[in-house]
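Please look through the structure below with the sequence beside it, and take your time in turning it.

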Amino acid sequence: MTKQEKRIRKYAELFRVKPGAKVTLADDFDPGFTADEVRKKDAQPTLRRGVALLADYQARLAAQDTYGVLVCIQALDAGGKDGTIRHVMSGVNPQGVKVHSFKVPSAEELNHDFLWRYAQRLPGRGEIGIFNRSYYEEVLVVRVHPDNLDRQKLPPRSKRGDVWERRYREINDWERYLTENGFRIVKLFLNLSKEEQRTRFLRRIDLPDHNWKFSTADVAERAHWDEYQHAFSEALSHTSTEWAPWYVIPADRKWFGRIAAGAVLTHALMQIDPQFPQVTDERRDELQRIKATLEAEAPKGAAPDPFEEEQQERAEPVAAEQ
């Protein structure tokens, strides 16, 4: 295992919410945490190396076409969801990644069960799907603003007892079903401090080219800070499972949060360990016959196989150094 792979595994374990643990965000996770071995000046090259490794695994995932990966990203407003997606996924093949954001449910969506609209956007095999906010909104914003529950047209008995305990169980069961069918779920909570959120809001107001990012609704939601902290703590406690654990990413330092999020996603792909399909002897023989035909079509003066010659030229200096 390389030094990079060891660091990735370390981060994945460091930020993982142990299944069964009782989480209190304010006590258990520091939003301003940064690892000693990574400094801000090294952030960009570290992230680039991580993105390159992620891209390699994504290519193998797509070629194998057996597993899919669903990434759920949750955060409070200004938590850095968009930036994390943009930077961490910057080097992967966009054909193999689909990002979905979920806003206020439509009338059609409200006519179905609370997981229906998310099921419509699940990734296929060989794909990475990213939910920028996810079905966890159903136990977060809906819990903080229970009037949203009334809009879901639930029958009376579905609103009796502990609605949230029931939804945690239903989410856990659904995630287990997906996992057992070959879809790995990576759940990231970008943990932002209240003071850092205030600073980012002010930045969005002070910088003209950031004004579009700011919404007065964000300030209204900030008034519910303690309620959201409780809702997140409860969700992390009840839905971090062996098959779909949560990872709490320290988000006050954007540069480190992106490295950490990328490491957790890469670690999930490392555990899947997708491989390029093996070519059978019959297929290899067929490819050699096709190659011979293409080489015979080379124009006068052209190399029969320019790529093969290029590879040989690259290999010669390496052999000389050894």
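A polar contact is a pair of N or O atoms within 3.5 Å, where, within protein, one atom must be able to donate a hydrogen and the other to accept it, and where residues adjacent in sequence count only if both atoms are side-chain atoms. The model shown here is a predicted one, in which local features need pLDDT of at least 70 and side-chain atom pairs count only at pLDDT 80 or more, while totals for chains, interfaces and linings use all residues. Residues are numbered from 1 along each chain as its sequence is written, and side-chain values use heavy atoms, with hydrogens and water left out.

With that definition in hand, turn to Lys-187, whose side chain is joined to the side chain of Glu-175 by a polar contact of 3.0 Å. The side chain of Lys-187 also reaches the backbone oxygen of Ala-244, at 2.7 Å. Lys-187 is found in strand S4, which covers residues 183-191; helices (H or I, at least four residues) and strands (E, at least two) are DSSP runs, numbered from the N terminus. Is this lysine buried or exposed? Lys-187 counts as buried because its relative accessibility is 0%, where buried means under 20% relative accessible area, exposed over 50%, and partly exposed in between, with a 1.4 Å probe and protein chains only. If its neighbours within four places in sequence are left aside, Lys-187 is in contact with residues including Cys-72, Tyr-136, Thr-239 and Trp-246, contact meaning heavy atoms within 4.5 Å.

Now step back to the chain as a whole. The chain holds 15 helices and five strands, and its C-alpha trace spans about 75 × 45 × 40 Å along the principal axes. Of the 322 residues in the chain, 44% are buried. Among the contacts with a separation of 6 or more, 80% are between residues 24 or more positions apart.

Glu-175 leads on to a helix pair, for Glu-175 is one of the H9 residues that make the contact of H9 with H12. Helix H9 (residues 163-180) and helix H12 (residues 225-239) pack at an angle of about 45°, and their axes are 10 Å apart; axes are lines fitted to C-alpha atoms, for helices over the stretch in contact, and angles run from 0 to 180 degrees between N-to-C directions. This angle makes H9 oblique to H12, since angles under 35 degrees count as roughly parallel, over 145 as roughly antiparallel, 65 to 115 as roughly perpendicular and the rest as oblique. On the H9 side the contact is made by Glu-165, Tyr-168, Asn-172 and Glu-175, and on the H12 side by Ala-231, Glu-234, Ala-235, His-238 and Thr-239. These residues divide into three nonpolar, three polar and three charged, where Ala, Val, Leu, Ile, Met, Phe, Trp, Tyr, Cys and Pro count as nonpolar, Asp, Glu, Lys and Arg as charged, and the others, Gly among them, as polar.

Asp-162 counts as partly exposed, with a relative accessibility of 41%. The side chain of Asp-162 reaches the backbone nitrogen of Trp-164 at 3.1 Å, and a polar atom of this side chain also lies 3.0 Å from the backbone nitrogen of Glu-165.

Phe-15 counts as buried, at 4% relative accessibility. The axes of H1 and helix H13 (residues 254-272) come within 8 Å and cross at roughly 100°, and the two helices are therefore roughly perpendicular to each other. By class, the contact of H1 with H13 has ten nonpolar, two polar and two charged residues.

Finally, consider the backbone. Most residues other than glycine have a negative phi. Ala-78, however, has a positive phi near 70°; Ala-78 sits in the loop between strand S1 (68-75) and helix H4 (81-88) and is buried, with a relative accessible area of 7%. Lys-153 also has a positive phi, of about 55°, although it is not a glycine, and Lys-153 is exposed, with a relative accessible area of 55%.
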